[in-house]
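Student: Could we go through some of the labels used for this structure and see where they come from?
Tutor: Gladly, let us take them one by one.

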Amino acid sequence: MKKDIVHIIHILGLQARPAVSLVNNSAKYKSECNLLYKGREANMKSIMDIMSLKIPTQSDVTISCSGEDEEEAIAAIE
């Protein structure tokens, strides 16, 4: 499992358009990818999961990927 902390800088936070981009990017990989914010975890291949976290701008989130292509997945998602 690979983990990394990412700082959200989009002015609207991780809302609709940036979340769709994140889901589309995550879907390219076989690894299971999750997003952790304030103790809550979301599947990065689910737009509803990501939107439910309501991540504002200037937040730090943890990305974790686990699977056969975890290295490539986490690098691309960052």
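**Labels and their cut-offs**

Student: Why is Cys65 called buried?
Tutor: Cys65 has 0% relative accessibility, so Cys65 counts as buried. Buried means under 20% relative accessible area, exposed means over 50%, and partly exposed is in between, with a 1.4 Å probe and protein chains only. Before we go on, this is a predicted model, where local features need pLDDT of at least 70 and side-chain atom pairs count only at pLDDT 80 or more, while totals for chains, interfaces and linings use all residues. Residues are numbered from 1 along each chain as its sequence is written, and side-chain values use heavy atoms, with hydrogens and water left out.

Student: What makes Cys33 buried or exposed?
Tutor: Cys33 counts as buried, because its relative accessibility is 1%.

Student: How many disulfides does the structure hold?
Tutor: The structure holds 0 disulfides, a disulfide being a pair of cysteine sulfur atoms within 2.5 Å.

Student: Where is Ser31, and why is Ser31 called buried?
Tutor: Ser31 sits in the loop between helix H1 (16–26) and strand E2 (32–37). Helices (H or I, at least four residues) and strands (E, at least two) are DSSP runs, numbered from the N terminus. At 1% relative accessibility, Ser31 therefore counts as buried.

Student: Which residues is Ser31 in contact with?
Tutor: Beyond its neighbours within four places in sequence, Ser31 is in contact with residues including Lys45, Ser66 and Glu70; contact means heavy atoms within 4.5 Å. The side chain of Ser31 also reaches the backbone nitrogen of Glu70 at 3.1 Å. A polar contact is a pair of N or O atoms within 3.5 Å; within protein, one must be able to donate a hydrogen and the other to accept it, and residues adjacent in sequence count only if both atoms are side-chain atoms. The Ser31–Glu70 pair, at 3.1 Å, is therefore a polar contact.

Student: What does the side chain of Lys45 reach?
Tutor: The side chain of Lys45 reaches the backbone oxygen of Tyr29 at 2.6 Å and the backbone oxygen of Ser31 at 2.9 Å. Lys45 itself lies in the loop between strand E3 (40–43) and H2.

Student: Why is Lys45 called partly exposed?
Tutor: Lys45 has 33% relative accessibility, so Lys45 counts as partly exposed.

Student: And what makes Ile47 partly exposed?
Tutor: Ile47, in helix H2 (residues 47–52), counts as partly exposed because its relative accessibility is 30%.
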